[in-house]
Amino acid sequence: MLDQLEAQAPDALLALIKMHAEDPREDKIDLGVGVYRTNDGATPVFRSIKAAEQRLVDTQDSKSYLGPEGDTGFVDALKPYIFGKDASMGGRLEGMQTPGGTGAVRLAVALAKAAGVKRVHLGVPSWPNHAQILQDVGVVTCTFHHAKADGTADIDALIETIEAAEPTDAVLLHGCCHNPTGVDYTDEQWEQIAEAFAAKGILPILDVAYHGLGRGLEEDVAGVRKVLAKVPEALVAYSCDKNFGLYRDRVGAFYMIAKQPSDLPAITSNANALARANWSMPPDHGGAAVRTVLRDGDLTKQWLDELDEMRARMRRVRARLAAADNEAPGLNLAALGEQNGLFAMLPLTKDQIASLREDHAIYMAGSGRINVAGLHAGNTDKFIAALADVIEG
Ligand code: LMR
């Protein structure tokens, strides 16, 4: 039976991590997988998380099972950051913990399918795993253009998609810090998106994986809140992998917003059943550490400072790249200064990307996506010179 399986290509991004690790060149630059890096190229554990973990070691008295919903204290502690001060949304909001943002996206799509959604519209390019999840869960993927060549969002493409949608369609949107383009909708465009969803009545699925890495914690979810203020129901996938630096601990949350509070028990019972069949219950440790941070004023302040520091560093890198626009003609580096988060797309050919890797030891995704956090004062000049070199060919 098992010999019937055809070999699958390894995930390109995960393969890139291995390739970079095996490259012996000392001046290699990793712009591949989306992890934050400091000015020294490190991805350290947050100080606030370390302190919270120490408290957990000292005080946690059991690792007995929770349930499919995971650590509800963690899920509740995040709510005001995502949904605002009135985080209850009139009793229409319920959440649960998931294994990473990926688990939350998967649960969102599976729940939407169980509720009757047949097709999910996805702006492209998108995080490659979005399309894989949609296919694996078994809904039809429809695509529209996310970004224009000038490095801004193609709002018309999204509005037309919503307006032409069938009642059994859903739309999957990145809440902020779009992966892979870094191109986010403006506040005015989010207003338009909210109006379009409200007029059409189809289900929004909002993926918030980089909260706080763009403009600020409030600013990054302003668009999501505009949509939630207008639509009767929605699903939100959330990741703490980046904004708490908990990548491998797999820390995510999934929120369901119902038309009315009385709908929530049936919705959450379906989500719990899906979680039970997929992973039974989420890993506890990272969620417990986040809860510990968010329930302690000092640790919360420390976390906010650490997040500010990350965001400010990425904005500095973006400003430096934008200022080098004339050194790498045709790449529109100027637009990177206005974009958000870890990622940007450079319109490089496959050969140029290969030459950057082989001749300059610079690793980026085959799509032309770079992780701007891989750049710092010590390697940005080299990167810009290498770009100029491969462009001139
Ligand atoms: C990325 O896009 O690099 C990250 O979200 C990591 C991943 O799981 O793909």
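**Group meeting: a walk through the model**

Okay, let's start with the annotation: an unreviewed UniProt entry marks residues 300–327 as a "coiled-coil region". UniProt positions here follow the numbering used for this model, feature names are shortened, and annotations may be inferred rather than shown by experiment. What we're looking at is a predicted model, where local features need pLDDT of at least 70, side-chain atom pairs count only at pLDDT 80 or more, and totals for chains, interfaces and linings use all residues. Residues are numbered from 1 along each chain as its sequence is written.

Back to 300–327: that span is 86% helix and 0% strand, and its end C-alpha atoms lie 41 Å apart. Helices are DSSP runs of H or I, at least four residues, and strands are runs of E, at least two, numbered from the N terminus.

Next, a helix pair. Helix α7 (residues 187–200) packs with helix α9 (residues 222–230) at about 25°, axes 8 Å apart. Those axes are lines fitted to C-alpha atoms over the stretch in contact, with angles from 0 to 180 degrees between N-to-C directions. So α7 is roughly parallel to α9 (angles under 35 degrees count as that). Who makes the contact? On the α7 side, residues including Trp190, Ile193 and Phe197; on the α9 side, Val227 and Lys230 among them. Contact means C-beta atoms, placed from the backbone, within 7 Å.

Last stop: Asp156, in helix α6 (residues 155–164). Asp156 has 13 other C-beta atoms within 10 Å, so it's partly exposed (20 or more would be buried, 12 or fewer exposed). Its C-alpha atom sits 36 Å from that of Ala275, 119 residues apart along the chain.

How values were computed:
Angles under 35 degrees count as roughly parallel, over 145 as roughly antiparallel, 65 to 115 as roughly perpendicular and the rest as oblique. Two residues are in contact if their C-beta atoms, placed from the backbone, lie within 7 Å.
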